[in-house]
Amino acid sequence: MHRVKVKVVEDALDANETIARANRDDFDRAGVTVVNFMGAPGAGKTALLERVIGELGVSAGVLEGDVQGSLDADRLASLHVPVVQLQTSQGFGGECHLDANMVRSALPSLQLDPLDLLVIENVGNLVCPAEFRVGEDARVMVSSVTEGEDKPLKYPLMFRACELVVLNKIDLLPYVDFDVEKFLARLETVHPGVACLQVSARTGEGMEAWREWLARLPGRRMVSA
Ligand code: MG
């Protein structure tokens, strides 16, 4: 019985991988670099995009994943950035993550050709999004100091399945028990060598480095192609 269950999960992940490759082919054809942007609810994913998405110097769009509603998409659309909302409550059983098939279902609504960069803001969750590739070039995860310094040890896959960790809300460090050095050491344990930016979307601290990291991505892929 156990073995059957494992096989079903493996098949589902294989199917996801096939669709992710099809997405990737479409992204490549359109010449758009894609970032899968993940983190817990309230970590500041949307706020971090609001700060920089209109000032990257490259043509950027957002695919906004939520269980329901369009609060985040509305915030970003007000910056005159192309935004498409994907709701997992509509036809996808209210899933807690985006998978390749959900992203594929949104592609007809997205004009990929004019874009250099597409940021896919995943559903807020520290577990499931890490397991599903959607055809992205890079993965970024946001952790905030209010979540606690233990998170890399408790959710190692999420901290491992990314090219960049953004530590947000550092303006709150005087008010919370969060040891940055301990967090960085734990992060290094689960993902040796991964880059970590320390930022505050609220005060703007670190936004220049964050903006530059995103703005460099399209060029970086062209170099590696
Ligand atoms: Mg959000």
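Guide: Start with an aromatic cluster, which is made up of F159, F178 and F183. Bear in mind that this is a predicted model.

Visitor: OK. How are the rings of F159 and F183 arranged?

Guide: Their centres are 6.2 Å apart and the planes are at 75°, so the pair counts as edge-to-face. The pair links distant parts of the chain, with F159 in helix α6 and F183 in helix α7, 24 residues apart.

Visitor: Are F159 and F183 buried or exposed?

Guide: Both F159 and F183 are buried.

Visitor: Staying with α7, which of its residues are buried?

Guide: Helix α7 runs over residues 180-190, and its buried residues are V180, F183, L187 and V190. They cover an arc of only 90° around the axis, which puts them on the same side of α7.

Visitor: Why would residues spaced like that point the same way?

Guide: An α-helix has 3.6 residues a turn, so residues three or four places apart point the same way.

Visitor: And what is exposed on the other side of α7?

Guide: E181 and T189 are exposed there.

Visitor: What do the buried residues of α7 pack against?

Guide: They pack against several elements, including β5 (138-144), α6 (156-160) and β7 (195-198). Another one of them is α5 (151-154).

Visitor: Where is K151, then?

Guide: K151 is in helix α5. Its relative accessibility is 14%, under the 20% cut-off, so K151 counts as buried. Leaving out residues up to four places away in sequence, K151 touches L126 and F159.

Visitor: Back to the start of α7. What does D179 do there?

Guide: A side-chain oxygen of D179 comes to within 3.0 Å of the backbone nitrogen of E181.

Visitor: New topic. Which residues coordinate the magnesium ion?

Guide: The magnesium ion is coordinated by T46 through OG1, D72 through OD and E121 through OE, at 2.0 to 2.1 Å. T46 lies in helix α2 and E121 in strand β4, so the pair ties together parts that are 75 residues apart in sequence.

Visitor: T46: buried or exposed?

Guide: T46 counts as buried, at 5% relative accessibility. E121 is also buried, with a relative accessible area of 2%.

Visitor: How many aromatic pairs are there?

Guide: The count comes to 3 aromatic pairs. One of them is F37 and W210, which are stacked at 5.5 Å centre to centre with 20° between the planes. F37 is in strand β1 and W210 in helix α8, so this pair ties together parts that are 173 residues apart in sequence. Both F37 and W210 are buried.

Conventions
Residues numbered from 1 in each chain as written. Predicted model: local features only at pLDDT ≥ 70, side-chain atom pairs only at ≥ 80, totals over all residues. Heavy atoms only, no water. Donors = N, O, S within 2.8 Å, 3.2 Å for Na, K, Ca; no water. Helix = DSSP H or I, 4+ residues; strand = E, 2+ residues; numbered from the N terminus. Buried < 20%, exposed > 50% of the residue type's maximum accessible area, 1.4 Å probe, protein only. Arc of directions from axis to C-beta. Contact = heavy atoms within 4.5 Å. Polar contact = N/O pair within 3.5 Å; in protein donor to acceptor, adjacent residues only side chain to side chain. Phe/Tyr/Trp six-rings, centres within 6.5 Å; stacked < 30°, edge-to-face > 60°.
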